[in-house]
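This report describes selected features of one protein model. Please keep the sequence and the structure in view while reading.

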Amino acid sequence: METMSWKKLISNNKKIIFISATALIVGLLIGILIPKSTGGHVPRFFVKGDVKATLIIDGFDKYKTVGKTVEGQALKGISIKDILDNAAPYSEDYDVLAVGDDGLSSLLLGGLEGANVYLSKNNGWELINERHPISSNIKHLSQLIVVERGEFSPSCVTVIDAENNGLVYAKSPGQALLGRYTVETYFEGTSQKNYDEKTFGVSVYTPKVIIPLEQYKNKVRVICSSGEQQLYDGAGWLELASNRWDFRGSDGKTMIKDVKTVIVNAPSKSIMDVYGAAENALKNGKDVTVIELDGMGCAAFDFFANKGSIIPPEAWGKYEKASVMFRPVSQPGLAAMLAGEDGSKTGILDRSDREPKTGDIFTKATEMKKTCAYIEGDGALIKTSQEPVINVDSNKNGLTDDEVFDAAMKTSDDKPNLMFVHFHGIDDVSHDKGPYSHEALTTIKQVLDYSVQILEKREGRVIITADHGQHNAGEGGDHGKCIPEDMFVPYWQFEK
């Protein structure tokens, strides 16, 4: 037997000591990082629904922990309030649906004080509520779903039918997951492998919560939170993606993300078409008159027309129904008409947005050496290349329509090649008294009469439309929701 030298023995012992120390340190780290109460495996749960940020909770990082002793075992946890502060619910008015691995769920009502999730070996993440009934506790928590209260909440998606002026669907992601919903397995793909001269294959599917739209075979207009609009030929469906709705076309490939509304049986016309129609006429040597009837929706117009209360001039013909912008308020609508682009291009999505990122029809007309006039009410809604003629309510009758009319009549004598006239009275009165009120009817009739008189002094192409409609709200009216009353406006175009 060969005798090992003492130097070699010491060297080997040093290696053994080093390896043992390393293993000890690694073991300690594992013991620290992985809670003993879970047996080495840390489960996770998801936070989704009506929140700006979806979360995966698989540890205590970034959270202040709370402690609780259950059946002699010390548990560490996190308050539900702290978790939701990180998820950032869209609204302050919400409930929370807790869902376990087995499907058992509880909807927490009346606040979140005393509601915490604890991590344990036997129950995984466990929701324990100190102030709610004991039946609200959920073991092996898999999901916390924020559910906004009320109709047309900030994260709501709508499906509206242009043909019937109907509201087909209106729910937020959280509201959809709280109620009844359709789950469809979506085919993701297939793959094959050869082994021992045999072929083995697999097809992969993902379950999706969907809103089917197959019954609508005509065009759909998909409008996103970015303001983008796309016309799609054929049916499809909306599918839920944790905290938003996406549209998938019937081809299975078309995907449009973060949808706010889908218009089924959609009109091909939109108020963006004003720009193209005006540009085309100017290129062909025709003068153009655009009259904007702020707040004049199809629903209110049809209501009065069907009663015989208003009769548009025969020369105007029958209007085409046109879609407006997201959001259906004045600034995005006006920007779309002047630029021929949706909000994703103009950057105008709400009342607070005032400076478009695009050029406008006045710029184009000037490039063609055409003269322009822009007649406004008592202030400019957005920045334009053409300085507007501002008209304040000088006679103090509560509206600027008569002043706008006088300015338009005077300007017509100068024969500008492009004249844009913006009446605000219909919108103002509808806000105050309601879009179906007698006062709204009186204002509509007056503005139509003003329009007829202006057009008597003009020739060429005429475009008359609106930026949005209005719906009843309390004793008055309002707009800004993706519903039929707000989203569809009349669109007349003719030559004279």
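Over the ring of which residue does the charged end of R248 sit? The ring belongs to Y186, and the charged end of R248 is 4.0 Å from its centre.

## Basis of the report

The model is predicted; local features need pLDDT of at least 70, side-chain atom pairs count only at pLDDT 80 or more, and totals for chains, interfaces and linings use all residues. Residues are numbered from 1 along each chain as its sequence is written, and side-chain values use heavy atoms, with hydrogens and water left out.

## Charges over rings

A charge sits over a ring if NZ of Lys or CZ of Arg is within 6 Å of the ring centre and within 35 degrees of the ring normal. Besides R248 over Y186, K321 lies over the face of F488, at 5.2 Å from the ring centre.

## Aromatic pairs

A pair of aromatic rings is described by the distance of the centres and the angle of the planes. Rings of Phe, Tyr and Trp (its six-membered ring) pair if their centres lie within 6.5 Å; planes under 30 degrees apart count as stacked, over 60 as edge-to-face and the rest as tilted.

The whole structure holds 17 aromatic pairs. One of them joins Y232 and F247 edge-to-face, at 5.5 Å centre to centre and with 70° between the planes. This pair links distant parts of the chain, since Y232 belongs to strand β15 (residues 229-233) and F247 to strand β17 (residues 245-249), 15 residues apart. Strands (E, at least two residues) are DSSP runs, numbered from the N terminus. Y232 and F247 are both buried, where buried means under 20% relative accessible area, exposed over 50% and partly exposed in between (1.4 Å probe, protein chains only). Elsewhere, F301, W316, Y319, W492 and F494 form one aromatic cluster.

In strand β5 (residues 94-100), seven of seven residues are buried. In a regular strand the side chains alternate between the two faces of the sheet. In β5, Y94, V96, A98 and G100 point one way, while D95, L97 and V99 point the other way.

Two strands pair if DSSP finds at least two bridges between them. β5 pairs with strand β9 (residues 141-148) in the antiparallel sense over seven bridges, and L97 stands opposite I145 in β9. Four bridges join β5 to strand β6 (residues 105-108), also antiparallel, with S106 as the bridge partner of A98. β5 and β6 form a hairpin with four residues between them, and G103 in the turn has a positive phi of about 95°.
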